[in-house]
Amino acid sequence: MADSRETMVKAFVTGWPVKHSRSPLIHGYWLKQFGIEGEYRAEALTADDFTSFIVALKSGRSPYVGGNVTIPHKETAFALADQRDSLAEELGAANTLWLENGRLCATNTDVYGFAANLDERHAGWDKAERAVILGAGGASRAVIRALRDRGVGEINVVNRTVARARELADRFGETVHAHPMEALPEVLEGAGLFVNTTSLGMDGEAAPEIDFTLLGPKALVTDIVYVPLKTPFLRQADAHGVATVDGLGMLLHQAVPGFEKWFGTRPKVDDDLRSLVIADMDRHA
Ligand code: ATR
């Protein structure tokens, strides 16, 4: 008789370190919810180990059908994949891998996760005509792509190192404009959406004061940082009476396409899942 552990569908999350990842909690919740006899495991891998892990995966010598990739392996995952979709291509990084006819396919689900979170918690967010994005790293690229896909007409990227913002403006086309930090008050004036993609205010660190009253009347402020859940930027926006959405939903929603690829069922982000992850964050605070 076949050992059920050998036939069981297995997926992974890998990073270095990976012990803080909430992905096993998220996928474990869905596996249980659907009664799927699958497994989703964390694999802590150094850069060298990651490459041999992927080589084994591609050759079918691994127990896995695919998985998630997090810092610092997203760029290597992109480079080692046999096939990448346009999202991964544009971001130059992959966070979701799966095998298809023996080929390793790669995508990036951050763009989907960002938009799905706002769709769920603040429908109509994409009607903003002008947006301001703080930061010009990898996360900023995902947000720019999401905004551009939804037709936001003017996207202003503000960054400490303005050259990085310019690079993104050149890459993403004429609707994207680059600005130095000092220009923030000017670009905030009348804007409908503000997104923080920097680590500013993460893990309880101080963040600069931003005058969110400059934003337009129906503006939304969101942060891709979700530790703490209410970041300094979200607190400031709250204090100014501006609507906010926290970044936890992006983490939850970006997990949806991967689960569907590996386990064959499209899961839903619900309140119980959100509460489960918040309780875990509280335990480790
Ligand atoms: P990620 O891929 O997660 O977006 P990243 O590529 O390291 O990470 O980008 C981090 C972003 O946060 C950058 O926009 C960075 O600004 P610089 O391009 O000038 O480095 C921004 N950032 C980080 N710490 C900052 C700080 N103390 N003040 C202002 N911006 C900061």
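The model shown is predicted. Start with N159, which is found in strand β8, a strand covering residues 154-159. Is N159 buried or exposed? Its relative accessible area is 9%. Buried means under 20%, so N159 counts as buried.

Next, consider what surrounds N159 in the protein. Apart from neighbours within four places in sequence, N159 is in contact with G135, A136, R164, A165, H179, P180 and M181. The side chain of N159 also has a polar atom placed 3.0 Å from the backbone oxygen of T161.

Now turn to the ligand. Which residues come nearest to the ligand? There are 13 residues around the ligand, and those that come nearest are A136, N159, R160, T161 and R164.

In the side chain of N159, an N or O atom is 2.7 Å from an oxygen atom of the ligand. For R160, a polar side-chain atom lies 2.9 Å from a ligand oxygen. In the side chain of R164, an N or O atom is 2.9 Å from an oxygen atom of the ligand. Taken alone, the ligand exposes 650 Å², and the protein buries 65% of that.

Finally, the shell around the ligand can be sorted by class. It has seven polar, four nonpolar and two charged residues.

Methods:
Residues are numbered from 1 along each chain as its sequence is written. This is a predicted model: local features need pLDDT of at least 70, side-chain atom pairs count only at pLDDT 80 or more; totals for chains, interfaces and linings use all residues. Side-chain values use heavy atoms; hydrogens and water are left out. Helices (H or I, at least four residues) and strands (E, at least two) are DSSP runs, numbered from the N terminus. Buried means under 20% relative accessible area, exposed over 50%, partly exposed in between (1.4 Å probe, protein chains only). A polar contact is a pair of N or O atoms within 3.5 Å; within protein, one must be able to donate a hydrogen and the other to accept it, and residues adjacent in sequence count only if both atoms are side-chain atoms. Contact means heavy atoms within 4.5 Å. A residue is near a molecule or strand if one of its heavy atoms lies within 4 Å of it. Accessible areas come from the Shrake-Rupley method with a 1.4 Å probe; for residues, only the protein chains shown count as cover. Ala, Val, Leu, Ile, Met, Phe, Trp, Tyr, Cys and Pro count as nonpolar, Asp, Glu, Lys and Arg as charged, and the others, Gly among them, as polar.
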